[in-house]
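These are my notebook entries on one structure.

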Amino acid sequence: MSGQKKEQALIHPSSLEFLRVLQENNNREWFNEHKSTYLEELQQVEKFVDVLLGKLSTHDEIETLSGKKSMHRIYRDTRFSKDKRPYKNNWSGGFKRATRFRRGGYYYHIEPGNSFIAGGFWAPVPADLKRVRDDISFDAAPLRKILKSKSFVSHFGTLQGEQLKTAPQGFTNDHESIDLLRFKQFLLIRHFSDKEVLDKTFAEEANNTFKAMRPFFDYMSEVLSGDENGEVG
């Protein structure tokens, strides 16, 4: 049984190969002809994500019930897109942290030549964005300490995400923390090569990457869940 579990914690070469071929044949006729292969590969990836979820759940509270429920559909919504290809060429999904006091989200993306583990805040609502900016403006030192830590730099390099070209409303371009205040998104991203994705240690490396996000998540959770006195409740 233990050997079987170890095998399930793998992304199989055939799962990447299916995506490569799909990228070259992104049409409904080809997909329907290879639907059985898709379902087989999907099941393999779901097993891997189940293992990843189990590892993540040892150090964080997660609402997502299973690897299967975490995964995004492979079907693209093309209604409002100029790109009419019907299918995504990746296996992807996310894990939701439990309760409103645990902010931030986890994301995984498996794609030939473009795999990554990510987390953070993709689309903060205006009220949350204002609270974060106000906290940075008041004292950016706690956040800078996290972003300069050895663990953060080794896993993610730098904070990523869309930024304003000028100062946000209520702040000036010469503010000492303008480099942080311009962020509209707060993303932590670590890329993996195909070789790393296929390695037997990938589940553990992905989990370690999620674990390295916690200081940033804890900081943001405190800022976004605290009252005006900084108390969470």
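I began with Arg 79 and Asp 77, whose side chains meet in a salt bridge at 2.7 Å, N to O. For a salt bridge I require a side-chain nitrogen of Lys or Arg within 4 Å of a carboxyl oxygen of Asp or Glu. For accessibility I call a residue buried under 20% relative accessible area, exposed over 50%, and partly exposed in between (1.4 Å probe, protein chains only). Arg 79 has a relative accessible area of 63%, so I list it as exposed. Asp 77, at 46%, is therefore partly exposed.

**Entry: conventions**

The model is predicted, so I note that local features need pLDDT of at least 70 and side-chain atom pairs count only at pLDDT 80 or more, while totals for chains, interfaces and linings use all residues. Residues are numbered from 1 along each chain as its sequence is written, and side-chain values use heavy atoms, with hydrogens and water left out.

**Entry: other salt bridges**

By the same rule I get 14 salt bridges. One of them joins Glu 204 to Lys 55, with the closest N and O atoms 2.9 Å apart. This pair links distant parts of the chain: Glu 204 sits in helix H11 (residues 202-212) and Lys 55 in helix H4, 149 residues apart. My helices (H or I, at least four residues) and strands (E, at least two) are DSSP runs, numbered from the N terminus. Glu 204 is partly exposed at 35% relative accessibility, and Lys 55 is partly exposed at 24%.

Next I looked up Arg 214 and Asp 60, which form a salt bridge with the closest N and O atoms 3.9 Å apart. Here too distant parts of the chain are linked: Arg 214 is in helix H12 and Asp 60 in the loop between H4 and H5, 154 residues apart. Arg 214 is partly exposed at 22%, whereas Asp 60 counts as buried at 6%.

**Entry: a serine in H12**

Ser 221 also lies in helix H12 (residues 214-225). Its relative accessible area is 8%, so Ser 221 is buried. I find the side chain of Ser 221 reaching the backbone oxygen of Phe 217 at 2.8 Å.

**Entry: aromatic pairs**

I searched the whole structure and got 21 aromatic pairs. Rings of Phe, Tyr and Trp (its six-membered ring) pair if their centres lie within 6.5 Å; planes under 30 degrees apart count as stacked, over 60 as edge-to-face and the rest as tilted. Why do I call Phe 31 and Tyr 87 stacked? Their ring centres are 4.1 Å apart and their planes stand at 20 degrees, so the pair is stacked. Phe 31 belongs to helix H3 (residues 28-33) and Tyr 87 to the loop between helix H5 (67-70) and strand S1 (91-96), 56 residues apart. Phe 31 is buried at 1% relative accessible area, and Tyr 87 is buried at 5%.

Tyr 38 and Trp 91 are also stacked, at 6.0 Å centre to centre and 10 degrees between the planes. Tyr 38 is in helix H4 (residues 35-56) and Trp 91 in strand S1, 53 residues apart. I have Tyr 38 as buried at 7% and Trp 91 as buried at 2%. One aromatic cluster takes in Phe 18, Trp 30, Phe 31, Tyr 38, Tyr 75, Tyr 87 and Trp 91.

**Entry: nonpolar cores**

I define a nonpolar core as a set of buried Ala, Val, Leu, Ile, Met, Phe, Trp, Tyr and Cys residues joined through side-chain atoms within 4.5 Å. The largest such core has 59 residues, and those with the most contacts inside it are Trp 91, Phe 95, Phe 186, Phe 202 and Phe 216. H4 supplies the largest share of this core, eight residues. Apart from it lies another core of five residues, including Phe 116, Ala 118, Leu 187 and Ile 189.

I then listed contacts of Phe 186 (heavy atoms within 4.5 Å). Beyond neighbours within four places in sequence, Phe 186 touches residues including Phe 121, Leu 129, Val 132, Phe 216 and Met 220.

**Entry: strands S3 and S4**

In strand S4 (residues 186-192), six of the seven residues are buried. Strand S3 (residues 115-121) pairs with S4 in the antiparallel sense over seven bridges; I count two strands as paired if DSSP finds at least two bridges between them. Gly 120 has Leu 187 of S4 as its bridge partner.

Technical notes: A polar contact is a pair of N or O atoms within 3.5 Å; within protein, one must be able to donate a hydrogen and the other to accept it, and residues adjacent in sequence count only if both atoms are side-chain atoms.
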